[in-house]
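Here's a walk through one predicted model, for someone who likes to know the cut-offs behind the words.

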There are 2 protein chains.
Amino acid sequence: MSEVAVSPSAKAEKLDAADELAALCSEFVLDDVVYLDGNSLGALPVGVPGRVDDVVRHQWGELRIRSWEESGWWTAPERVGDRIAPLVGAAPGQIVVGDSTSVNVFKALVGAVRLAGGGGGGGGGGRDEILVDATTFPTDGYIAGSAARLTGCELRPVAPAEVPGAVGPRTAAVLLNHVDYRTGRLHDLPSLTSAIHAAGALSVWDLCHSAGALPVGLDEHGVDLAVGCTYKYLNGGPGSPAYLYVRSDLQERFDSPLPGWNSHADPFGMSPSYAPAPGALRGRVGTPDILSMLALEAALEVWEGVSIDSVRRKSLALTDFFLECVSAYVPEGRVESLTPAAHAERGSQVALRCADAGSVMKRLIERGVVGDFRHPDVLRFGFTPLYVGFGDVERAARVLGETLG
Amino acid sequence: MSEVAVSPSAKAEKLDAADELAALCSEFVLDDVVYLDGNSLGALPVGVPGRVDDVVRHQWGELRIRSWEESGWWTAPERVGDRIAPLVGAAPGQIVVGDSTSVNVFKALVGAVRLAGGGGGGGGGGRDEILVDATTFPTDGYIAGSAARLTGCELRPVAPAEVPGAVGPRTAAVLLNHVDYRTGRLHDLPSLTSAIHAAGALSVWDLCHSAGALPVGLDEHGVDLAVGCTYKYLNGGPGSPAYLYVRSDLQERFDSPLPGWNSHADPFGMSPSYAPAPGALRGRVGTPDILSMLALEAALEVWEGVSIDSVRRKSLALTDFFLECVSAYVPEGRVESLTPAAHAERGSQVALRCADAGSVMKRLIERGVVGDFRHPDVLRFGFTPLYVGFGDVERAARVLGETLG
């Protein structure tokens, strides 16, 4: 009973004082806004503006073309990939950065169908089906539709929980989101990957809403291919390049549908015939986008010495505390949490169903609490453990309560 | 005879004095280097660093997620496309910026095959052949190979001059470079486009080495689709996003192989089924890369009030004068120009075949003349009319003569 007696604000103070990641908020440009939209666009790391200015003024402006070698531009896609690798549980040499998430979903899915020996169109007996998370962020479904059409496969939407029953001898590849963008539900990557493998199919995981917020364990769980963006919990900046993971033992057979010159074994040989490079860089396509790529590289430096397990602990504490404060502050029946209560099923966001959610979010933003609205009736709040504190959480719930009161 | 008597350096002075674009060099960050590699990476426009800094510190750092609307991030791909449009002879609403050139070649070629009602794999009687410029920059050929494979077409490399004889009832699409990256040869876009149309096929032009250096006339010549990069004569910065042109009357039937959520008619409706947006934005894919996109937008401001015809006049004067100075300074027989003498066949670069070209270029760079080396024996010099002067040209040829003397 003593716990109930402690006010949310007093509890927030205690939790902030005990927060082992609290000092990291000085690595970000913050203000008096409670920013709970880092699951859409991460805040600006303080090291980024200076780095970008150097890339523009010195590397581009002064060294110009020499920077492709001297400033390490050419090798940035793999180098930055290796910076992301430990955050998603991957050994070096398996991640390459570049292009958008959508483009990487396309590479991964067509590549997976080919790795599975699949594809229809008169193949006869081959695997000719792609399963896709029916609750996924839409772009994955649209791109999966195109990958299916171009490889002669059939696309079948299934709820993630139903994948073990749905995956079968016809299935070439399964595309799943690790965390549902809308509800914040965390799917069981290890067991779903196992079920996919048991059926002889390949798994493609979209890590957009999990990377940087919780442990992924790509290598540990034997994931085949994965993609993710870098502008959410990785704070790479608006539209910063996405990444592609191809497990090392699959790389030699990975056959990209976008074999641009950057993925050639000898890109400056300018040979008319294509010969793919070994390793992760086989996933490259065209000239890498250097300004954004190096802004991302600078942004990733805040992770130096940060354990993803402590990030996960704080993330769960933040979402637990938010749900607790919402119970305390928001009148009964005004919101309903779509985010699972069980830790094993929760990402790093809380989605609340709420009547008139669009205008409620507008009022929250006017009062300095920034989340976002997802059509038709969802308030979405993302909790980035690197820069969100428990006091922020208490204030957000309190303002929400006042707005709905 | 009197002209012969004038020394190259005196002539350079005269030409510089009469140069109507001379003042534009103050729009770029230049130094005492003669930079003849703007056909690979354009120099830094002076307005870019400040703009990028504002995008990073203010738009991202302070407004954060609000900038998608308030700073015009969301509409940037079409807005920046409309900035490029007049430079390539396109009315507004037909160009969208984003992704790499390679990715856009893929969209354009698969889209063109579909527009032609083509594609093999049991279609029966459909157009099932893609012609590709055999002398092209390699990535176009590699990507064309993938587009052909995925649409069930056959890929046939042909020299551009042979296209009129090669294009036929089986041809769905023809991919050509406007200017050959190696020799600097300008291909005859109007007549080749006509020949392609006469055979009922679609033309896809790669403008990487012509846009910003000479008039293209996309609308005037009825080009179907086109792509180009923005980091050469458009000075957008390293790896800045490329663009896709789809002629307005084809847009409604343009069926992209990369139908990401950004190209949806209602992107925030998050509908599980795909419905393409009208207009140029049907060519979008994923979240646009904002830092690079807005750096490019700032870079394009230098074109305000600049006519592409005057750029072309100066470009030809620069390459004429360079060839003249090379004749005057370089010992007979040491270099051979691969760039056509006829203006109608010349882009904005000069390629010289030269024994030991790799080490010759190294020595030129050490002496402050920056061009580039293309395997196996080519010295490439690009002339950007916006910031290269005739004095630069004379110095480059003189240093080349001394290096080879």
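First, the ground rules. This is a predicted model, where local features need pLDDT of at least 70, side-chain atom pairs count only at pLDDT 80 or more, and totals for chains, interfaces and linings use all residues. Residues are numbered from 1 along each chain as its sequence is written, chains are lettered from A and ligands numbered from 1 in the order in which they are written, and side-chain values use heavy atoms, with hydrogens and water left out.

**The lysine site**

An unreviewed UniProt entry lists K232(A) under "modified residue: N6-(pyridoxal phosphate)lysine"; annotations of this sort may be inferred rather than shown by experiment, and positions follow the numbering used here, with feature names shortened. K232(A) sits in the loop between β7 (225-228) and β8 (243-246) of chain A. Strands here are DSSP runs of E with at least two residues, helices are H or I runs of at least four, and both are numbered from the N terminus. Setting aside residues up to four places away in sequence, K232(A) touches G38(A), N39(A), S40(A), G42(A), C208(A) and H209(A), with contact meaning heavy atoms within 4.5 Å. A polar atom of the K232(A) side chain lies 3.3 Å from the backbone oxygen of N39(A).

**Cysteines**

**Two sheets**

In chain A, seven strands make an open sheet in the order β2-β8-β7-β6-β5-β3-β4, with mixed pairing; two strands pair if DSSP finds at least two bridges between them. The edges are β2 (95-97) and β4 (154-158) of chain A, each pairing on one side only. Strand β6 (residues 202-206) of chain A and β7(A) run parallel over three bridges, and W205(A) stands opposite A226(A) in β7(A).

Chain B has an open sheet of four strands, ordered β9-β10-β13-β12 and paired antiparallel. β9 (335-337) and β12 (372-374) of chain B each have a single partner strand, so one side of each is left without a neighbour in the sheet. β9(B) and β10 (residues 349-354) of chain B pair over three bridges in the antiparallel sense, with E336(B) bridging to R353(B) in β10(B).

**An arginine between chains**

R114(A) belongs to helix α6 (residues 101-115) of chain A. Its side chain reaches the backbone oxygen of D255(A) at 3.1 Å. Beyond neighbours within four places in sequence, R114(A) is in contact with D255(A), S256(A), P257(A), R149(B) and L150(B).

Conventions:
Polar contact = N/O pair within 3.5 Å; in protein donor to acceptor, adjacent residues only side chain to side chain.
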